[in-house]
Amino acid sequence: MTTTETVIRYLFLAAAACFVIGLHLMNSPKTARRGNLLSAAAMAVGIGATAVLLIAEGAITTTGWLVLLAGAAVGSAAGLYLARSVEMTAMPQLVSLFNAVGGGAAALLAVEHLLQAETVHVRETIPGGLDILIGAVTFSGSVVAAGKLQGLIPGRPIVFLGARALNVVLGLVFVGSTAWLVLDEGNLVAMLLLLVAATVFGVTMVLPIGGADMPVVISLLNAFTGTAVAMAGFVLGEVVLIVAGALVGASGAILTKLMADAMNRSITNIILGGFGTGDEAATADDSGGTVRSVSADDVAIQLAYAQKVVVVPGYGLAAAQAQHELASLAEILEGHGVEVSYAIHPVAGRMPGHMNVLLAEAQVPYPALREMDEINPDFPQVDVALVIGANDVTNPIARKPGNPMSGMPILDVDKARSIVVVKRSMGHGYAGIDNTLYSDPKTGMFFTDAKKGMVALAAAVRSFVA
Amino acid sequence: MELDLLTAVTVFVLGVLVGFEVISKVPATLHTPLMSGANSIHGIVVIGAMLITATADGFLGYLLAFLAVAFGFANVVGGYVVTDRMLHMFKARPAAKEGSAS
């Protein structure tokens, strides 16, 4: 190893350490931004050091430089444009796309490395095969997930005849082509076969999963990308790729587990089951008990004379883009001396923690956002629980055994002194069962679109407190 | 670089454990920025993409290298910028609201 190379290896090590420290700083909203900047700086050092390494070794041709610079320019421009222009509601799609490109890059570089290397060892072909497999599955799976979230592909589970048989065949192709790749070191046909089979599998894996299960899918694909990058590190013998990939793999795995737990379902059940219906809940009106319908003025009086209001936002709020209107309603109430906080269920939104970002965008201060376990004991002291576009996460039936939702952790909204539910119709949530909260005598149903409802409430409250 | 398989596996396993340790402490409020931040970190793959450009040869080789580099840079740049944009929104008390607090 030359001196330059040694220095660069130490820089890589420093970068890896900074990634860990950066993630650690993400523990608190106060330091999170600094953590991200530290991580970005470490990445810049890593990329700069790699460029120096390439120059020092002089191994790269002029064409190579042109390709590298062109790729860097195109990729950076695309990434910057997407990052600057994305709506916060479209965040899950963007994260999914970045998963796709990360996984895709990992798969491509394994193909390229195995193709060009003069001698290939088993210790490169095995992780290489895994890299191609995981990377390609992540690539196509993430593209499909992003398409579903963007509404380009229907959110409902798409199941086709023979899907299971096809998956078995694809599984056999994985094993066969990886074995071929290992035995006939770096065979191009074997790699292509693996690449194509994995790409098809990514599609058939995500298509049957409903839109409502996307938080879990995105987390899982995030874990996959991390693993693919770590495998790329094994192939190239780069420690920094292994460390960074392992970190991301672990973070994805933890979030996947948290999401699945919050839905009271196993990961296998989500991947194989696919009963999430997506965004459109059934509109059939077959409510069990009688419900009490209330007007904007009724709700405004309740809110204006309350001491403690807890807002329970769900995806319906985000889908109607009503977070800004909600924030201004809360501002009026707070100005009137009402204590307003927000109860956030772990699966609210379309990816882990999505609702927090949407509310942060509407300038809701983060200390007002309370997690489920933290706020549940407080509900008996709450005067009005305002449920907006959330359904299953408030259904008290989850505490009773013998139904699809049994055991799912819920917000104890029914324990509040009174409840107002803002909802477009009596439609079901994605679990497809009646919400017994709606027929509770304490509950008033305010049937409207979330955005119009918030505007009407704000106007009504203003006229009372003025 | 020549890397002993045992060393590589050791690094991987320890990396996963450190990841579990660090990430399980992040509050749910920050899960989206966390995932987005983790997303940017897997953009490290761009270093690998740059290294393989050096060994690339022929049209197919350069095409693969170009795609890998472009994907990697999109991941790194986009990931960090959007994470920063998101974290910028997390404020304890927005300036606009300070006057209305009673």
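**The interface and one buried threonine**

Analyst: The contact between the chains takes in 87 residues of chain B and 105 residues of chain A, where contact means heavy atoms within 4.5 Å. The model is predicted, so local features need pLDDT of at least 70 and side-chain atom pairs count only at pLDDT 80 or more, while totals for chains, interfaces and linings use all residues. Residues are numbered from 1 along each chain as its sequence is written, chains are lettered from A and ligands numbered from 1 in the order in which they are written, and side-chain values use heavy atoms, with hydrogens and water left out.

User: How much area do chain B and chain A bury between them, and on which atoms?

Analyst: Chain B and chain A bury about 8700 Å², with 76% of it on carbon and sulfur atoms; buried area is the accessible area (1.4 Å probe) that two parts lose on being put together, summed over both.

User: What makes the pair Arg33(A) and Asp84(B) a salt bridge?

Analyst: The definition asks for a side-chain nitrogen of Lys or Arg within 4 Å of a carboxyl oxygen of Asp or Glu. The side chains of Arg33(A) and Asp84(B) meet at 2.9 Å, N to O, and therefore qualify. The count between chain B and chain A is one salt bridge.

User: Which helices supply the side of chain B that touches chain A?

Analyst: Helices H1 (5-23), H2 (31-41), H3 (45-55) and H4 (58-89) of chain B each supply at least two residues, a helix being a DSSP run (H or I) of at least four residues, numbered from the N terminus. H4(B) gives the most, with 29 residues. The residues of this side divide into 55 nonpolar, 24 polar and eight charged.

User: Why is Thr89(A) called buried?

Analyst: Thr89(A) has a relative accessible area of 18%, and buried means under 20% (exposed is over 50%, partly exposed in between; 1.4 Å probe, protein chains only), so the label applies. Thr89(A) sits in the loop between helix H3 (62-85) and helix H4 (91-116) of chain A. Not counting residues up to four places away in sequence, Thr89(A) touches Ala318(A), Gln321(A), Gln323(A), His354(A) and Leu358(A).

User: How do you know that Thr89(A) and Gln321(A) are in polar contact?

Analyst: Their side chains are joined at 3.2 Å, and a polar contact is a pair of N or O atoms within 3.5 Å, where within protein one must be able to donate a hydrogen and the other to accept it, and residues adjacent in sequence count only if both atoms are side-chain atoms. The distance therefore falls within the cut-off.

Definitions and conventions:
Nonpolar A, V, L, I, M, F, W, Y, C, P; charged D, E, K, R; others polar.
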